[in-house]
Structures are given as C-alpha cells and as structure tokens.
Amino acid sequence: AIGNLFLMCLLFADLLNTLRFLSIFLRIVGHSQQLNMSSGIGVKGTLGRCYPFYADLRKCVAKKDVESPPGMCWPENEDYFECIHGFKEKARQMEVVAERKRREKLGESFEIKS
C-alpha cells in the first residue's frame, strides 16, 4: 500500500510538472506561431522518438490563427506530451500492478498474454 501511494505521488508530481510546462507552452504558442526544437535527430543519430509528434504539433500550430478555437491543437499536444512523459502509460502500469496484487490475494493466476 505504501509502495502504491509512493508511485501515485510520483505520478502526480510528474503530472503537475507536465501541466506547469503545458501552461507555459500554451502561453508561448498563443503569442508566437514560431516553434523551435532541435533538429529531430536522436542520440543514436536517427530520428528522435518524439519528433514525429512534435512535427504534427508544429503543423497544427502553424495553421492556427486568431479565429481558431483554443483547443484546436490539443490532441497533437497531448500526443507529444505523452510521448515525452508517458504519464498515461505509467498510470496504466500502476493499474496492472494493482490488479495483479488483487488477484494474487484471491489466489487467482494473472498472466498477460501478448
């Protein structure tokens, strides 16, 4: 229980940092149509793993104008931040661990078949 609480606190802290960064990012995007990022080349010399999501976000922001709805680029933004931080993936992993522990207490097997 304490381990799960600790993991939940870490996940929540990561989410807060993401939201703080997101609010700064949205303020910047709201004032400027120009987004800059590194070349997109990853540490191994190949395309960075999150660069395609960034490219989608950049295309969307470039289309934005004064008349655009505020949430126009939200799906692209959400995909990009999930790629960087993985908070949805971490939450899902915590759900799987909790379910495994619940089933182990009941004496049931818990196998993940892929």
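**A walk through the predicted model**

Aspartate 56 is found in helix α2. The model in view is a predicted one, and the protein averages a pLDDT of 79, with 66% of the residues scoring at least 70. Among the elements of the protein, the lowest mean pLDDT, 63, belongs to helix α1 (residues 2-31), and the highest, 93, to α3.

Aspartate 56 and aspartate 79 are separated by 23 residues in sequence, while their C-alpha atoms lie 9.3 Å apart in space.

Helix α2 itself comes next. Tyr54, Leu57, Cys60 and Val61 are the buried residues of α2. Because these residues cover an arc of only 125 degrees around the axis, they sit on the same side of α2. On the other side of α2, the exposed residues are Lys59, Ala62 and Lys63.

The largest nonpolar core consists of 9 residues: Cys50, Tyr54, Leu57, Cys60, Val61, Cys73, Tyr80, Phe81 and Cys83. Two or more residues of this core come from each of α2 (51-63) and α3 (74-85). The most are given by α2, which supplies 4 residues. In soluble globular proteins, nonpolar side chains tend to be buried together.

Aromatic rings are the next topic. The count of aromatic pairs is 3. The ring centres of tyrosine 51 and tyrosine 54 are 5.8 Å apart and the planes stand at 40 degrees, so this pair is tilted. Both residues belong to helix α2 and are 3 residues apart, about one turn of the helix. Tyrosine 51 counts as partly exposed because its relative accessibility is 23%, whereas tyrosine 54, at 4%, counts as buried. Tyrosine 54 also forms a tilted aromatic pair with tyrosine 80, with 5.7 Å from centre to centre and 55 degrees between the planes. This pair links distant parts of the chain, since tyrosine 54 lies in helix α2 and tyrosine 80 in helix α3, 26 residues apart. Both tyrosine 54 and tyrosine 80 are buried. One aromatic cluster is formed by Tyr51, Tyr54, Tyr80 and Phe81.

How many disulfides does a search of the whole structure find? The search finds 2. One joins cysteine 50 to cysteine 83, with an S to S distance of 2.1 Å. The torsion about this S-S bond is about -90 degrees, so the disulfide is left-handed. Cysteine 50 lies in the loop between α1 and α2 and cysteine 83 in helix α3, so the pair ties together parts that are 33 residues apart in sequence. Cysteine 50 counts as buried because its relative accessibility is 11%, and cysteine 83 counts as buried at 14%.

Cysteine 60 and cysteine 73 also form a disulfide, with their sulfur atoms 2.1 Å apart. Here the torsion about the S-S bond is about -95 degrees, so this disulfide is left-handed. Cysteine 60 belongs to helix α2 and cysteine 73 to the loop between α2 and α3, so the pair ties together parts 13 residues apart in sequence. Both cysteine 60 and cysteine 73 are buried. When the bonded cysteines are numbered in sequence order, the pairing is 1-4, 2-3.

Finally, helix α4 (residues 87-106) has 20 residues and reaches 29 Å from its first C-alpha to its last, close to the expected 28 Å. Glycine 107 follows α4 and has a positive phi, near 85 degrees.

Conventions
Residues are numbered from 1 along each chain as its sequence is written. This is a predicted model: local features need pLDDT of at least 70, side-chain atom pairs count only at pLDDT 80 or more; totals for chains, interfaces and linings use all residues. Side-chain values use heavy atoms; hydrogens and water are left out. A nonpolar core is a set of buried Ala, Val, Leu, Ile, Met, Phe, Trp, Tyr and Cys residues joined through side-chain atoms within 4.5 Å. Buried means under 20% relative accessible area, exposed over 50%, partly exposed in between (1.4 Å probe, protein chains only). pLDDT is the predictor's confidence in each residue, from 0 to 100. Rings of Phe, Tyr and Trp (its six-membered ring) pair if their centres lie within 6.5 Å; planes under 30 degrees apart count as stacked, over 60 as edge-to-face and the rest as tilted. The arc is that of the directions from the helix axis to the C-beta atoms. The expected span of a helix is 1.5 Å times one less than its number of residues. A disulfide is a pair of cysteine sulfur atoms within 2.5 Å.
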